[in-house]
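Good morning, and thank you for joining. Please take a moment with the sequence and the structure before I turn to the charged contacts and the surface.

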Amino acid sequence: MPVTFIAEISSNHGRDLGRSLALIDAAAEAGADAVKFQLFRIARMFAPEILSQSAKHRARAEWELPLSFLPKLAERCQQRGVAFACTPFYLEAVAELEPYVAFYKVASYELLCDPLLEACARTGKPVVLSTGMATLDEVRHGAKILTYAGARDVTLLHCVSAYPTPPEQANLKAIETIRSATGMPTGWSDHTVSPAVIHRAIHRFGATAIEFHIDLDGEGAEFAPGHCWLPGQIARVIADVRLGEAADGTGVKAPTPAELPDREWRADPADLMRPMRAIRATYRSDAA
C-alpha cells in the first residue's frame, strides 16, 4: 500500500483565509494526500490559572481557526484532490467538524481524553491518533477506547513531542512496537525535518502514514522553532518515496518491457557466444 502523507498546517495559517488556501495548494503540489488543520479555543484548551498568569498562552488565541473557514477549506481540498482533516481539541469541535472532514486526527496531548476519542469514533469516520509522550499501556488504552466506541479505521502515529525532535531521539523502532501491540496500522508524525528519518520510518519500519508540519514561506507562526518543512523540501522526499513505490513491481520474476530487446542477445547455450543463433542468422549491421 502507498504511504499516506498528511500535511499539518498547524497554526501557520495565521487566521488568514488566503494563506490557508495557499497552504492547501502548496501541500497538494508537494504531493500530500491529506491536509490537516487544528480546531481549538484557548479558553477550552488551557486551565484558567494558566491563562491568568501566562501572556504567552493567552496570545495563542491569535492562532485559533475561525469556524467560518471550514467549508471553504474543505472545498479547496476537494478541488485539489486531497483529503481535508482536522484535530478537534474540545468535545463540541467533533460535531462542528463532522460535515467537512474526511478523518479526525487526535493530538498526542489529548491521548488520555477518552470522551474526545469516543466522540470521534462514534462519527464512523476514520481516526488518526498521535502517541507522543505516551507509554505503551496508554497507547493500548487509546486504541481500545476508539475500537470499543465503534471506530473501524484507526491509524496510530508514533510521535516524539519535541519541536523540533533531534533525529537521534526519533526512536523509530517504536513503530514496530506499537503495531505489534495493537495490530493497527502505524505511521510516524515527524518533527525532525530530516529526509533520512522519514525514509527510515517507511523503508525499515513500515510506516503506513507520515504526518509532517508544513509552512508556506518561513513566515508562519510555528516555523521558527525548526519543526516545519517548506513545500520544496517535502516535495523532494515525497517524490523519492513515490519513485520507490513505483519500483516495487508485481513480484513476478519475468522479463520487463525494458529488457525484452536484449533477450535474444544473451549467450547461446550451444557455444556460449552472443547473441542467440537465430539473431546471428538474420543480423545486418546498421553500418553496412
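D271 has a relative accessible area of 25%, so this residue counts as partly exposed. Please bear in mind that the model is a predicted one. D271 forms a salt bridge with R280, in which the closest N and O atoms are 2.7 Å apart. The side chain of D271 also meets that of R277 in a salt bridge, at 3.8 Å from N to O. Both arginines are partly exposed: R280 has a relative accessible area of 30%, and R277 one of 47%.

Across the whole structure, a search finds 14 salt bridges. One of them joins the side chains of R19 and D215, with an N to O distance of 2.9 Å. This pair links distant parts of the chain, 196 residues apart: R19 belongs to helix α1, whereas D215 sits in the loop between β8 and β9. Are these two residues buried or exposed? R19 is buried, at 16% relative accessible area, and D215 is likewise buried, at 0%. I would also point to a network of salt bridges that links D25, E29, R76 and R80.

Let me turn to the surface. Y109, M133 and Y163 make a nonpolar patch of about 350 Å². M133 is found in the loop between β5 and α8 and is exposed, because its relative accessible area is 52%.

Finally, R152 lies in the loop between α8 and β6. At 69% relative accessibility, R152 counts as exposed. Its C-alpha atom is separated by 32 Å from that of A43, which is 109 residues away along the chain.

Notes:
Residues numbered from 1 in each chain as written. Predicted model: local features only at pLDDT ≥ 70, side-chain atom pairs only at ≥ 80, totals over all residues. Heavy atoms only, no water. Helix = DSSP H or I, 4+ residues; strand = E, 2+ residues; numbered from the N terminus. Buried < 20%, exposed > 50% of the residue type's maximum accessible area, 1.4 Å probe, protein only. Patch = residues over 30% accessible without salt bridge, like charges linked within 9 Å, V, L, I, M, F, W, Y side chains within 5 Å. Areas by Shrake-Rupley, 256 points an atom, 1.4 Å probe, with all protein chains shown as cover. Salt bridge = Lys/Arg side-chain N within 4 Å of Asp/Glu carboxyl O.
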